[in-house]
Amino acid sequence: MRIAITGAAGMLGRDLITAVEAAGHEAIAFTRADLDITDAAAVERALRRAGPDVVFNCAAWTDVDGAEAHFEEALAVNGAGAGHVARAGAACGAWTIHISSDYVFDGSKRSPYLEGDPVEPLSAYGRSKLAGERAVALEAPDRHTIVRSSWLFGAGGHCFPATILRLARDRDELRVVDDQVGCPTFTGDLATALVALGARESRPVGILHVAGSGACSWYEFAREIVAGAELRCEVRPCTTAEMPRPATRPAYSVLRSSRGNEAPVLPEWRVGLEQYMALIRVARAV
Ligand SMILES: NC(=O)c1ccc[n+]([C@@H]2O[C@H](COP(=O)([O-])OP(=O)(O)OC[C@H]3O[C@@H](n4cnc5c(N)ncnc54)[C@H](OP(=O)(O)O)[C@@H]3O)[C@@H](O)[C@H]2O)c1
């Protein structure tokens, strides 16, 4: 299979290239410098030329706090841009797999969010991601899968474990919010599952929730990271109110699927974290 990837230099995009090639497919990688997805004509030309079977749209504005002051720019990428990819993909007969986010939910539930639950984003980023879901469904109604995932971490990008490791090496104590609960997701696991999904004979249309199994708060996640690295830093819990940020995050955004075998099940987030830590150790050793 020929598999195109937009946003290919990003954290998930990098792991997708590796997973595509490991599965014996051909990766056609478009970094932002190669292809700006806000340019509809450029997207159409690039995909027509590439002739992929599947397109993974990993291109996104991912600065959650920055989107509050730059909503139009975030929307151009996450909303309209996603629609351009789906339209161009459908026009050349490809299947679009678009990545969306748990931040489309308001976090008021206390049991896992399923695909059919009502969406109510709390942030500009969440609204832009929801606009993207709607644009993809509109432009490629029967040739798309929208994969909502959450709390991504991987060796190829800026992520929470990298930040915690950096801070914990410098400080004796860290305070981390304990009142936001979600599913940390290792991009290596997600990428492998996404490639298998794209290679299925019958691909699921519509929304799928795919995130690391289990759930935790950012505080619990941070403790596990610091313990895994055997650092002496003390991790203490605090509330979101004590650490105000420009964008409001859902207090609870655990994702599970109601679509049975259609949705891949990922390993527990702790297993993903162990793999991440192993990759980081190797990278620090060389
Ligand atoms: N990170 C998370 O915790 C998380 C959680 C849930 C869902 N997601 C979703 O998962 C997907 C992948 O996220 P990620 O963490 O891999 O993000 P990432 O590392 O920020 O990668 C996104 C990539 O998109 C590129 N990009 C930005 N604007 C673009 C444009 N106009 N045209 C083409 N490329 C553009 C970025 O390039 P520059 O770096 O040059 O701007 C970057 O390489 C996104 O859809 C994101 O919304 C992420």
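Author: Let's go through the sheet, then the nonpolar cores, then the ligand. Keep in mind that this is a predicted model.

Reader: Okay, the sheet. How do strands hold on to each other in general?

Author: Strands of a sheet pair through backbone hydrogen bonds, and the pairing can be parallel or antiparallel.

Reader: Can you zoom in on one pair? How many bridges join β1 to β2?

Author: There are 5 bridges between strand β1 (residues 2-6) and β2. To find your place, look for I3, which stands opposite A27 in β2.

Reader: Got it. What about the cores?

Author: In soluble globular proteins, nonpolar side chains tend to be buried together. The largest nonpolar core here has 34 residues. The members that touch the most others are F153, I164, V176, W218, F221, L273 and Y276.

Reader: Which helices and strands supply at least two residues of this core each?

Author: Those are α5 (124-139), α6 (160-170), β7 (173-177), α8 (218-228), β12 (234-238) and α9 (269-285). The largest share, 6 residues, comes from α8.

Reader: Suppose I click on Y276. What does Y276 touch?

Author: Leaving out residues up to four places away in sequence, Y276 touches F153, G154, A155, C159, P161, A162, L165 and F186. There's also a second, separate core of 24 residues, and I5, A8, L12 and V210 are among them.

Reader: Last one: how many residues surround the ligand?

Author: 24 residues do, and the closest are L12, R32, T62, Y125 and K129. You've met L12 already, in the second core.

Reader: Which atoms should I look at there?

Author: An N or O atom in the side chain of T62 is 2.6 Å from a ligand oxygen. A polar backbone atom of I37 sits 3.0 Å from a ligand nitrogen. For G10, a polar backbone atom is 3.3 Å from an oxygen of the ligand.

Note on methods: Residues numbered from 1 in each chain as written. Predicted model: local features only at pLDDT ≥ 70, side-chain atom pairs only at ≥ 80, totals over all residues. Heavy atoms only, no water. Core = buried A, V, L, I, M, F, W, Y, C linked by side-chain atoms within 4.5 Å. Buried < 20%, exposed > 50% of the residue type's maximum accessible area, 1.4 Å probe, protein only. Helix = DSSP H or I, 4+ residues; strand = E, 2+ residues; numbered from the N terminus. Contact = heavy atoms within 4.5 Å. Pairing = 2+ DSSP bridges. Near = heavy atom within 4 Å. Polar contact = N/O pair within 3.5 Å; in protein donor to acceptor, adjacent residues only side chain to side chain.
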